[in-house]
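Open the model in your viewer and keep the sequence beside it. The tour goes from one selection to the next.

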Amino acid sequence: MTDVAMRASAPPAAGALAGLRVVEMGFAAAGPLVGKYLANFGAEVIRLESRLAADVFRTTYPPFKDGVVAPDHAGMFAFYNDGKRSATLNLKHPKGVALARALIGQADVFVESFTPGTVARLGLGPETLRAEHPELIVLSSCNQGQTGPHAFHPGYGSQLSALAGFVQLLGEPDSTPVLLYGPYIDYVAVGYGAIAVLAALERRARTGAGCTIDLSQYEAGLQFLTPTILEFAANGRIPGRAGNADAVAAPHGVYRCAGADRWVALSVWTDPEWQALCALCGIRGAPTAAGRRAERAALDQAIEGWTRSGERDDIVARLRAAGVRAAPVLSISELFGDPQLAHRGMWPAVTHPAIGPMHVMAPPFRLSATPSVQERPGPTVGADNDHVFGTILGLSLEERRTLQRDGVFE
Amino acid sequence: MKVEPPGGEPDRLVPPFVGDVENAERSIPWLAANVNKRGITCDLASEDGRNAFARVASTARIVVESFPPGLLRELGLDEALRDAIVVSITPYGQDGPLAGVAGSDLEVTAASGSLWLAGEEGRAPVRTAQPQSPYWSGMYGAMGALVALRSPVAQRVDVSAQAAMTTVHPPAPVWWDIAGEEHGRTGPFLLGRSNVGSRFRNLWQCADGFVSFAIQGGPIGRHTGRMLAEWMRERGALTPSIAAIDWDGFDNTTLTQPQVDELEAAIAPFLRSLTKAEFFTEVVKRKMLGYPVGDASDSLADPQLAARDFWRTLVPAEGLAPLPFPGGFALFDGERPAVRRPAPRVGEHNAEIYGEAGLDAGALAQLRAVGAV
C-alpha cells in the first residue's frame, strides 16, 4: 500500500453514504444497480416492489436456484441488489400510493426506471414529489429519456447497445457483428446514474436544492463512443469492426494456447517490447509498428505458432517476465478464483435465505477509509415490511394488519 | 485542470487525427477525453516542477492520477495531496499480486472475462474496436471520487481497470455462481433467456446492414411478436409457422432449440428485405422491441437525439471546423451540462492557473527557463 492509503485507513469510519436514505422503484439493471452501489457504501436503500408486478429479474430472467422459477430463487435479483431492503406496496391501491409518497417524503433520493410518464400517472412524478419536498433528488433512468419522439418506444439494453453503435464495432471484419454478450449499455447508464445522484447530493450540500435528473441510457452509452462520432464528423469515415487490431500497437491480438478454448492476449507498444517478444518466441518482423500492421496476418500466424503449443498461464508468465504486456483470457468461472480479483475482495460471499451460499459483486473501486460493505444479498420479497412501515413510517401493528388484509402490501 | 509534461502527454499523438494531420492538437481520442478542462504543463521529474505541481494540487479537493502504484510517494508528493481525495487508476489496482503489472485495454479486458464472452464460437475472442476500458475506469473513478466526497475523511480511491471490466457482463457471473453454468462466446446469439438452454438470434442481416431483433416473451415481447406477424401479413410475407402462433400465451423461455430455429428461419427472409431506416420507422410506429445496428452516421442523424438537443458543436482547436460532441450525460432540472470549452492546448492555462496558485509572472518565467513548465 502507498502512504496515501496507509494514512487514510487508520480510523475506520462509517460508510461514506451512511445516513442517506434512498427509495427505489424499477426493474432489471439500469435503475436498481444505481441503488446497489449506494447501498454498498452505507446508504439505506429501500426497494419498493409489488407482488402483482414483480421485477423481471425476479420472474423472467434466469438463472433461478435449482431451476425453481420463483421471486426468491431469482439469481439476478439476489446478485445485483445486495445490501438493500425490500418493502411491498400495491400501487394500484390508493393507500399504496399514499404510503409510497410518505416514504419518499422521508428519503433523500428517489430512483425510478419505469417507462416515461408511469410515476407521474401514479401521482409520484418528480414535480408532485418536489412540490412537497424541494430538497428531494429524483433520478429517472429510462431507455431514451423522458422526452422526444422515441421516449415511449420500448426497448432493452442488448438492443439499445446495437442502436448506439457498440455492436457495429465488435467482430471480425470478414464476418457479421457480434453481441457484447448482454445488455452492455445498461451498465454504462448505471455508472452515470450513480454519478448523477452523487453530483446532485454535492450540489444540495452547497445550495440546499434538490434535483430532477432525466437520464437516457442511450445518451449515457454514446459518451463511450465519442471518438467514433468525431472520426465520422471530422474525416467522413465510419469506424467498424477490426477484429483485435489496434491503431497504435502491433502486434495486438489474442492467440490460441494448448488445450480447449485457451487464449492469451498480448500487445506491443514500444521497440523494447517488440525486441523482447522476438527474442522470446523467435519471430521476425518489420521494425516499426506501421510495418508490422501491414504484415499483420503473417505475424499473427507466427505468434500463434509459438503460443499454441504452450500452456496459457506459463506463456503469460514468460511474456510478462520479458516485459511484454500479456494476460490470460479468463473464463467467467475463473474470475471467481483469480488471485488479483480475490485480493481486492471482488466477490464477497453471502448467504441468501432461499438460495443459500452465493456471491455478490463489489464495486470496482476501493475506498481506503470507508470501504464498501457487503454482507447481505438482494432481499426476499417484502423482507423489510415491518421495518419500513413500522419503524420508518410509524404504522402500528394493527394498522399494518388492516392494510395487509386490504391488499395494500401485495 | 489537466496536468501534462512539458511538450504534452504522449496520448496527444494517438490516431486518428482531425483531417489526418498528425499533431498534438488533433488526436481525436485525446480531444474526446479532454473537453471542458484547462491545462498546465509541469515536469514532475524536476524539483521545481514538483513544487509547482504541489502548489496547484494542494488547492484541489480531488486529484486523479494513473501512474504506476507508488510513484506519487517516490516523487515526494504525498504531503501536497494530504487533504485531497486521490483517485488512482491502474490496470490491476494499487496492491495485490498484479499491482504494477503493465496492461493495455486488451489485457485488462482479457483478464476481466469480457473478452471471453465476445466473438464467435470457435474463433478468437474480440474486443470493441473503440477501446472501452479507459471509459469504464474513468467512470468508476468519478463515481468513487463522488462517494468519497460524502465522507469527512480525505482518502484514496483505488480503481482497477480489470475490476471495472468485470462489472460489464451480467448475467454471466450469476449463471456460474447460481447455476454452475459457464457461458461463452455466442456471436450474434443471446444466451440466458431460456430455461431449457435455447439461444436466440439477436443480430440479423437486413437489406443495407444489420438489425437487432429477437423472439421474446413477456408482455412487450408478445406484443412485438403479434406486430411482427401483422407486418409480415401486410407485406405478403407471413409464413404458416408464424401465423400459427398464439401470441397471448407465448413463452420463449420453454422453447426448444429446434422450435426456435424454425421460427427464426421463417423470420430471416422478411428482415433481410428491409432497410435499417424502414425497420426503425416501423418498430417505432408499432411499438415493437428492436433497433437497427447503428453506426456513427446513424447516431448523428437520430431524431431522438436531435429533439433532446444532445449534440453540442464546438471548434476542437484553433483553425479547425466545428465538430459535434456529445452533450452532458443527463438533464439536471431540464438543463444539459454544457460542453463549455475544447480540450486545452499544451500549457494553454499555465499563466492563469499558476497565477491563481500564487505564482507571479516572474516566477513562472523562471520555471519556464529551467524547463520545469
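Helices (H or I, at least four residues) and strands (E, at least two) are DSSP runs, numbered from the N terminus. Axes are lines fitted to C-alpha atoms, for helices over the stretch in contact, and angles run from 0 to 180 degrees between N-to-C directions. This is a predicted model, in which local features need pLDDT of at least 70 and side-chain atom pairs pLDDT 80 or more, while totals for chains, interfaces and linings use all residues. Residues are numbered from 1 along each chain as its sequence is written, and chains are lettered from A and ligands numbered from 1 in the order in which they are written.

Select residues 32-40 and 184-207 of chain A: these are helices α2 and α9, packed at about 55° with axes 8 Å apart.

Next, show Leu33(A), Val34(A), Tyr37(A) and Leu38(A) of α2(A), which meet Val190(A), Gly193(A), Ala194(A) and Val197(A) of α9(A); contact means C-beta atoms, placed from the backbone, within 7 Å. This contact has 7 nonpolar, 1 polar and no charged residues (Ala, Val, Leu, Ile, Met, Phe, Trp, Tyr, Cys and Pro are nonpolar; Asp, Glu, Lys and Arg charged; the others, Gly among them, polar).

Now display both chains: 126 residues of chain B are in contact with 135 of chain A. On the chain B side, helix α5 (residues 133-149) gives the most, with 11 residues. That side divides into 76 nonpolar, 33 polar and 17 charged residues.

Leu367(A) has Val157(B) as its bridge partner in β5(B).

How values were computed. Two residues are in contact if their C-beta atoms, placed from the backbone, lie within 7 Å. Two strands pair if DSSP finds at least two bridges between them.
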